[in-house]
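Keep the sequence and the 3D view at hand while reading.

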Amino acid sequence: MSPKNTKELQKLRKKLDIVDLELLNIIKKRSILVRKVLSLKKFKNQIVDKKRIKKILANIKSKSIKKNIDVKITNEIWKSMIRAYIKYEFRKFKK
């Protein structure tokens, strides 16, 4: 890699690091909301809501298309995030 490309790569990686920090802040906000939602659930079988998951994924697909973002990427990210939060809710459920 040329020195110019190496320098450009470093700049881009710093920008990615900043975006990663923003994502962590958003994940923190989402986690707080998920905890609040969980506190309203009375039974473990309320944790997985297949209709809600289907609706979320369809919404993300639609918005991804409108924003010209690769749908496969956003679908994979959201499925992974949903799975992670479902596991989190099961771990934290205390009723």
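## Helices α2 and α3

Helices α2 and α3 cross in a right-handed way. A crossing is right-handed if the near helix is turned clockwise from the far one by less than a right angle, and left-handed if anticlockwise. The helices themselves are DSSP runs of H or I with at least four residues, numbered from the N terminus.

This is a predicted model, where local features need pLDDT of at least 70 and side-chain atom pairs count only at pLDDT 80 or more, while totals for chains, interfaces and linings use all residues. Residues are numbered from 1 along each chain as its sequence is written, and side-chain values use heavy atoms, with hydrogens and water left out.

Helix α2 covers residues 50-66 and helix α3 covers residues 71-92. Their axes come within 9 Å and cross at roughly 150 degrees. That makes α2 roughly antiparallel to α3. Angles over 145 degrees count as roughly antiparallel, those under 35 as roughly parallel, 65 to 115 as roughly perpendicular, and the rest as oblique. The axes are lines fitted to C-alpha atoms over the stretch in contact, and angles run from 0 to 180 degrees between N-to-C directions.

## Who touches whom

From α2, the contact draws on Ile53, Ile56, Leu57, Ile60, Lys61, Ser64 and Ile65. From α3 come Val71, Thr74, Asn75, Trp78, Lys79, Ile82 and Ile86. Contact here means heavy atoms within 4.5 Å. The residues of this contact divide into 9 nonpolar, 3 polar and 2 charged. Ala, Val, Leu, Ile, Met, Phe, Trp, Tyr, Cys and Pro count as nonpolar, Asp, Glu, Lys and Arg as charged, and the others, Gly among them, as polar.

Thr74 belongs to α3. With 8% relative accessibility, Thr74 counts as buried. Buried means under 20% relative accessible area, exposed means over 50%, and partly exposed lies in between (1.4 Å probe, protein chains only). Leaving aside residues up to four places away in sequence, Thr74 touches Ile60, Ser64 and Ile69.

## Helices α1 and α3

Helix α1 spans residues 3-40. Its axis lies 11 Å from that of α3, at an angle of about 45 degrees. The two are therefore oblique to each other. The crossing of α1 and α3 is right-handed.

On the α1 side, the contact uses Ile27, Arg30, Ser31, Val34, Arg35 and Leu38. They meet Met81, Tyr85, Tyr88, Glu89 and Lys92 in α3.

Tyr85 sits in α3 and counts as buried at 10% relative accessibility. Residues up to four places away aside, Tyr85 touches Ile27, Arg30, Ser31 and Val34. Tyr85 and Val48 are 37 residues apart in sequence, and their C-alpha atoms are 9.9 Å apart.

## The largest nonpolar core

Which residues make up the largest nonpolar core? There are 8 in all: Leu38, Ile47, Ile56, Leu57, Ile60, Ile82, Ile86 and Phe93. Such a core is a set of buried Ala, Val, Leu, Ile, Met, Phe, Trp, Tyr and Cys residues joined through side-chain atoms within 4.5 Å. Both α2 and α3 supply at least two residues each. Helix α2 gives the most, with 3 residues.

Leu38 lies in α1. At 7% relative accessibility, Leu38 is buried. The C-alpha atoms of Leu38 and Leu57 are separated by 20 Å, with the two residues 19 apart along the chain.

Most residues other than glycine have a negative phi. Asn68 is not a glycine, yet has a positive phi of about 60 degrees. Asn68 is placed in the loop between α2 and α3. Is Asn68 buried or exposed? Asn68 counts as exposed, at 72% relative accessibility.
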